[in-house]
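Visitor: I would like to go through the salt bridges and then one of the strands. Could you show me the model?
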Amino acid sequence: MDNSLQWNITDSLDNGNVEDSNYVDWMYGRIGIVFLIECTPAMFMKAEDRSESFFQLSLTAVRELIRRKIRACSKDSIGVVFYGTVKQDKSTNPNAITTFLEVREPSPDSILKIDEVVNLSKAEFENRYGFSQDYSIGDGLWHCSSMLRSCGFKFRAKSIMLATCNDDPFSVSPNKQHQVRKRAEDLHKDNVDLQLLPFGQTFDITKFYEEILQMSSDHQVSIPKNIECQDDLLAQVLFSDCKPRTFGHMKFFLNKNVAFAVSAYKLYRKETLPTASKVDRMHNKPVKTVTTFHDADTDNLMFRSELAKQVTLADAKVQVSELELKEHKALTGKFGFQLLGFKPSSAVKFYHHSQSSLFIIPAEKMVKGSEVLFVTLRDCLLEQDKVAVCYLTTRRTASPKLVYLIPQKEQILNGLQVQSDGFHVVFLPFAEQFRKDIPLNDVPEVPPDLENVAERMVKKLKLTYSPTMFHNPKLETFWAGLEALALNQDEVVPIDDLSNPDPDSISQRLKGISEELKHFMNNALGPTKTSQKRPASASKQPVKKMK
């Protein structure tokens, strides 16, 4: 075996986390994004088939991203910088650079500030910020990178999104072009991802920006689509913002001596309403809750170290300390996956799915050689049409779970990856969780005519279904009301509840079929009898209430 393949896991992984500073940024932390928006007269032009200028589209995309971050990732940070302006908010800013939004966590104040300028006309923007042709995109990139470094947050991923409609800037200034190339190399060294938002159908990325994007990245960059409408811009911005967030990093034990590292991700999660915090009713300030423990007999104050937990079993009271409880929870003694064996794919039953599944990929940065062993295992299972059975312990104090590992191979459609390499982790129930078989009653025979009517009804009510088509109406209503309060809006934006059926459409589709179904049901059940209430006896008097 090649000596370069290191299968041993570092000691830091034995505790379920990584202490090595080389992995901290890669695994944990928040995401920082700075939008660098061109503010030249060309960005304020409106076409006949477009009601919004490119500048308005840019700020609308920033507003929507902040709005989504408040709801989903409130710890991420977003900033906005204008270039091509005269006004300088700080003397330290480079020439023709304006910091519109500092890099900070998303808030309603940022949205309100965007609303103040998003609908400014070309003349109004010029009066407020001015236009300058003496700008340098290299200075803008340097300023954005400096904002990400000096904001006080440690980011797991950093991005700069450059919004422009000029595909060949500084064509007569080789020095400024060289400066942009130099800044792109610096961004690559600082692990800052550079994204381009090209506006206009005639934008030709090959003139200048293709080289810049390639210099700021290790791998082959994909050519961004030219942006003409708001939908194109939002799709590109939200896609670029989709940085994967790991659920955890753990070991995968093939046996006692061979193990590699994997990263686990959640494909979906349950979204809940935010937790309400208590505030002072008079001053609207947050209050602090303090919990103290007192002896029931003496009323003396007790510390947490003096406490123990007690379990009552068959009238016997058993005390367990915190340390003993942790030792009992760590049943397997190993953190991560432990391979038990293999089963044919036909053994996987959808009704054995007991909780939200995970998706794992190799963690090559943590253990060199993980990709080789991971891909070998996946290809062998795909070739033999089998799945792996494992024990999984997500934390040292967590109970072990029984799981299936279902292999999945990469799929590429139209040059885009639509399915990733890896394993789906399907959680299985234990023997104690299975219910006894429920006895079935005798199933009556269904007349062929009634079966034919039911088949026609099913065909008529076919639905093109995808889980992404339906939003939770309760959550959407809550967030719409909260947004209206935070942004001082007079009215709440109405929510379209797509989970409600359309009675008119259903009646139109089942025209004639519903009558036949009613006819069969009436013949099978007979005429419906209306129950009549028996009159009260005259001898019975109403009972008086006791005072």
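**Salt bridges and a strand**

Guide: Arg67 and Glu483 form a salt bridge, with 2.9 Å between the closest N and O atoms. A salt bridge here is a side-chain nitrogen of Lys or Arg within 4 Å of a carboxyl oxygen of Asp or Glu.

Visitor: Where do Arg67 and Glu483 lie in the chain?

Guide: Arg67 is in helix H2 (residues 54-72) and Glu483 in helix H12 (residues 473-486), so the pair links distant parts of the chain, 416 residues apart. Helices (H or I, at least four residues) and strands (E, at least two) are DSSP runs, numbered from the N terminus.

Visitor: What kind of model is this, and how are residues numbered?

Guide: This is a predicted model, in which local features need pLDDT of at least 70 and side-chain atom pairs count only at pLDDT 80 or more, while totals for chains, interfaces and linings use all residues. Residues are numbered from 1 along each chain as its sequence is written, and side-chain values use heavy atoms, with hydrogens and water left out.

Visitor: Back to the pairs. What does Glu476 meet in a salt bridge?

Guide: Glu476 meets Arg71, at 3.1 Å from N to O. This pair also links distant parts of the chain, with Glu476 in helix H12 and Arg71 in helix H2, 405 residues apart.

Visitor: Is Glu476 buried or exposed?

Guide: Glu476 is buried, with a relative accessible area of 19%, whereas Arg71 is partly exposed at 26% relative accessibility. Buried means under 20% relative accessible area, exposed over 50%, and partly exposed in between (1.4 Å probe, protein chains only).

Visitor: How many salt bridges does the structure hold?

Guide: The structure holds 16 salt bridges. Another one is between Asp167 and Lys207, whose closest N and O atoms are 3.7 Å apart. Asp167 lies in the loop between strand S4 (155-164) and helix H6 (174-189), and Lys207 in the loop between strand S5 (192-198) and helix H7 (209-215), so the pair ties together parts 40 residues apart in sequence.

Visitor: Which residues are joined into one network?

Guide: Glu64, Arg67, Arg68 and Glu483 are joined by salt bridges that share partners.

Visitor: Now the strand. Why is strand S6 largely enclosed?

Guide: Strand S6 (residues 248-253) is largely enclosed by the rest of the structure because 6 of its 6 residues are buried.

Visitor: In which sense do S6 and S7 pair?

Guide: S6 and strand S7 (residues 259-266) pair in the antiparallel sense over 6 bridges; pairing requires that DSSP finds at least two bridges between two strands. The two form a hairpin with 5 residues between them.
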